[in-house]
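Here are my notes on the model you sent over, kept to the points I'd want to have at hand when opening it in a viewer.

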Amino acid sequence: MIPPLVILETDRVTLRPFHPNDEAALVRVFDDAYARRFYPDMADMAGARRWIAKNLERYATDEFGLWALCLRSTGELVGDCGLTNQAVEQATEVEIGYHLRADHRGRGLVTEAALACMHHGFMTVGAARLVSMVHPENPASMGVARRIHQHTRRFERLGDLYHLFYTEQTEWPIEAQRS
């Protein structure tokens with residue numbers, strides 16, 4: 001299945017499938033010490049190539065994945081945001097994941113995109129619950145997760161304690177379900 005050119009659109013951003021020619025722009029998303037602390041494998045074009053290939057595979061198998069987050073005003077790729085299946089303890093959960101280039105952080109772009117993904121996850125994908133897993137030393141991602149999710153708890157992942165933020169579909173605002 002070939003995904004549409006635009007998956008989701010908000011006032012300021014569009015989310016679209018990744019393309020192989022997005023490699024250089026994706027490397028720039030992870031091109032600062034803060035981002036590389038959590039994603040050291042994204043330091044070069046090979047890492048970006050693997051990231052894009054993994055998401056192309058997700059589109060084919062799950063019909064969703066992380067999508068290129070682009071500014072509506074220019075079309076420039078400045079991050080990613082989307083839904084991925086993730087192992088959480090003994091279950092598979094649908095996660096809202098996100099990453100943003102350093103020069104665009106602090107403007108609410110990821111929160112806007114993540115809320116659109118939450119709506120999509122509940123209303124189109126049909127997820128009963130959506131989660132975001134955040135390393136406790138990543139306050140920027142925790143801030144976004146706090147803004148979009150209803151609950152949080154700690155859990156162990158890869159030998160570290162993480163925060164699991166989550167929202168049940170039944171808690172998603174009824175007005176959001178109608179739009």
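**Notes on the pocket and the aromatic residues**

1. Let me start with the lining of the largest pocket: its residues split into 20 nonpolar, 14 polar and nine charged. Keep in mind that this is a predicted model.

2. How big is that pocket? The volume of the largest pocket comes to about 1100 Å³. Its lining is made up of 43 residues, and those closest to the centre are F38, Y39, W51, Y98 and H99. If you'd like to colour it by element, the ones that contribute two or more residues to the lining are α2, α3 (45-62), β4 (77-88), β5 (91-100), α4 (109-125), β6 (129-134) and α5 (139-148).

3. On to the rings. How many aromatic pairs does the structure hold? There are six of them. Take Y34 and F38: the ring centres are 5.6 Å apart and the planes meet at 70°, so this pair is edge-to-face, a label that needs an angle over 60 degrees.

4. Are they buried or exposed? Y34 has 30% relative accessibility and so counts as partly exposed. F38, at a relative accessible area of 19%, is buried, though the cut-off for buried is under 20%. F38 is also among the residues closest to the centre of the largest pocket.

5. There is an aromatic cluster as well, formed by F30, Y39 and W51. Two of its members turn up again at the pocket, as Y39 and W51 are both listed among the residues closest to the centre.

6. F18 deserves a look of its own. You'll find F18 in the loop between β2 (13-16) and α1 (23-29), and it is buried, with a relative accessible area of 2%. Leaving aside residues up to four places away in sequence, F18 touches L26, W51, I52, N55, L56, Y59, L66, W67, A68, L77 and D80. So W51 from the aromatic cluster is one of the contacts of F18.

7. Finally, two arginines sit over tyrosine rings. R129 lies over the face of Y166, 4.8 Å from the ring centre. For R157, the charged end is placed over the ring of Y162, at 5.6 Å from its centre.

Terms used:
Residues are numbered from 1 along each chain as its sequence is written. This is a predicted model: local features need pLDDT of at least 70, side-chain atom pairs count only at pLDDT 80 or more; totals for chains, interfaces and linings use all residues. Side-chain values use heavy atoms; hydrogens and water are left out. Rings of Phe, Tyr and Trp (its six-membered ring) pair if their centres lie within 6.5 Å; planes under 30 degrees apart count as stacked, over 60 as edge-to-face and the rest as tilted. Buried means under 20% relative accessible area, exposed over 50%, partly exposed in between (1.4 Å probe, protein chains only). A charge sits over a ring if NZ of Lys or CZ of Arg is within 6 Å of the ring centre and within 35 degrees of the ring normal. Helices (H or I, at least four residues) and strands (E, at least two) are DSSP runs, numbered from the N terminus. Contact means heavy atoms within 4.5 Å. On a 1 Å grid over the protein atoms alone, a cavity is a set of points where a 1.4 Å probe fits but cannot get out, and a pocket is an open set with protein on both sides within 12 Å along at least five of seven lines; lining residues have an atom within 4 Å of a point. Grid points are joined across faces, edges and corners, and a volume is the space filled by probe spheres set on the points. Ala, Val, Leu, Ile, Met, Phe, Trp, Tyr, Cys and Pro count as nonpolar, Asp, Glu, Lys and Arg as charged, and the others, Gly among them, as polar.
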